[in-house]
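I opened this notebook to keep track of what I looked up, one topic at a time. The entries follow the order in which I went through the structure.

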Amino acid sequence: EVTHMDVPSGSPSDANPADSQVHSTFGKTEKSSRRNFSVMLIDAIGYFVGISFFSPQTTLQEFVTRLTTSNVLIGLTTSIAWGGMGLTQLFVANYVERLPIKKWYAVLFGAFERLPLLVCAIVAPILAKPHPMAMLVVVFALLGVQYLFMGCILPAYSALYSKVIPPRQRGLLFGSGIGVANVLKLGTGLLIPFILVADRWWGGFPNGSDCPQLWFAYRPFSNN
């Protein structure tokens, strides 16, 4: 009589290829999840720190006060920014939702969104002092274009964010990002007043347009 030897449980003969594939996929998913969280966290920190150099509520309004004394025009700064960004999302959200891949849409419009900062940094030393009203028109036009493109980006960015960050980690990501950014902004808070009162060889603010230059130089490190 031929007897069969018992095969110990868990031996290679008992291995299930499907289980091995599941464990492999799980490991890759965990690794990708950690990488996505790190990248999105750096992006959140970078955005909140960088925008302090060119915020419509602070630095940009100070820039505009050097060009005009009209409270209406000064207040128009934030209206153009947030109005342009909010209204644009209403028109592009459905289109973005139907895109099979949203990453390259966000990258393309992100590149366009940065260009007005470069133009402002180039034009300000030329127009700000000799032609302040012309510079004001340019600032408002560039600000409108920048925030229109930012409004185009946000639906795609939100979709990417919801796809790569699990729901249980989203609060942690933004809480950590904003918290770290606020600590780092203590440094920008010391730098910006120096820029605003400086009168060095570059001509001082706003003639030297240092904040737009810094913000444009900084923006490649932030994906939003």
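What follows are my entries, from the whole chain down to single residues.

**Entry: the model.** I note at the start that this is a predicted model.

**Entry: the whole chain.** I looked up the secondary structure and found seven helices and zero strands. Read from the N terminus, the elements run α-α-α-α-α-α-α. The chain has 224 residues, and 42% of them count as buried.

**Entry: the cores.** How many residues does the largest nonpolar core have? I found 26, and the ones with the most contacts inside the core are Phe63, Leu67, Met135, Val139 and Tyr147. Four helices each supply at least two residues of this core: H2 (59–65), H3 (71–98), H4 (103–127) and H5 (132–164). The largest share, nine residues, comes from H5. I also wrote down another core that lies apart from this one; it has 15 residues, including Phe37, Cys152, Tyr161 and Ile165. A general remark belongs here: in soluble globular proteins, nonpolar side chains tend to be buried together.

Leaving out residues up to four places away in sequence, Met135 touches Phe63, Leu67, Cys120, Val123, Ala124, Leu127 and Ala128.

**Entry: a nonpolar patch on the surface.** Next I looked for nonpolar residues on the outside. Leu108, Phe112, Leu115, Leu118, Ile122 and Ile126 make a nonpolar surface patch of about 530 Å². I checked one of these, Ile126, which lies in helix H4. Is Ile126 buried or exposed? Its relative accessible area is 56%, and exposed means over 50%, so Ile126 counts as exposed.

**Entry: Thr88.** I found Thr88 in helix H3. Its relative accessible area is 8%; the cut-off for buried is under 20%, and therefore Thr88 is buried. I looked up where its side chain goes: the side chain of Thr88 reaches the backbone oxygen of Gly84 at 2.5 Å. With residues up to four places away in sequence left out, Thr88 touches Leu148, Gly151 and Cys152. Cys152 is already in my notes as one of the residues of the 15-residue core.

**Entry: the salt bridge.** I counted salt bridges and found one in the structure. Which side chains meet in it? They are those of Glu113 and Arg114, at 3.6 Å from N to O. I then checked the exposure of both partners. Glu113 is buried, at 0% relative accessible area. Arg114 is buried too, with a value of 12%. In general, side chains of opposite charge can pair when their charged atoms come close.

**Entry: Arg35.** My last stop was Arg35, in helix H1 (residues 17–50). Its relative accessibility is 45%, which lies between the 20% and 50% cut-offs, so Arg35 counts as partly exposed. I also looked up its separation from Val164.

Note on methods:
Residues are numbered from 1 along each chain as its sequence is written. This is a predicted model: local features need pLDDT of at least 70, side-chain atom pairs count only at pLDDT 80 or more; totals for chains, interfaces and linings use all residues. Side-chain values use heavy atoms; hydrogens and water are left out. A nonpolar core is a set of buried Ala, Val, Leu, Ile, Met, Phe, Trp, Tyr and Cys residues joined through side-chain atoms within 4.5 Å. Buried means under 20% relative accessible area, exposed over 50%, partly exposed in between (1.4 Å probe, protein chains only). Contact means heavy atoms within 4.5 Å. Patches are made of residues with over 30% relative accessible area and no salt bridge: like charges are joined within 9 Å, nonpolar side chains (Val, Leu, Ile, Met, Phe, Trp, Tyr) within 5 Å. Accessible areas come from the Shrake-Rupley method with a 1.4 Å probe; for residues, only the protein chains shown count as cover. A salt bridge is a side-chain nitrogen of Lys or Arg within 4 Å of a carboxyl oxygen of Asp or Glu. A polar contact is a pair of N or O atoms within 3.5 Å; within protein, one must be able to donate a hydrogen and the other to accept it, and residues adjacent in sequence count only if both atoms are side-chain atoms.
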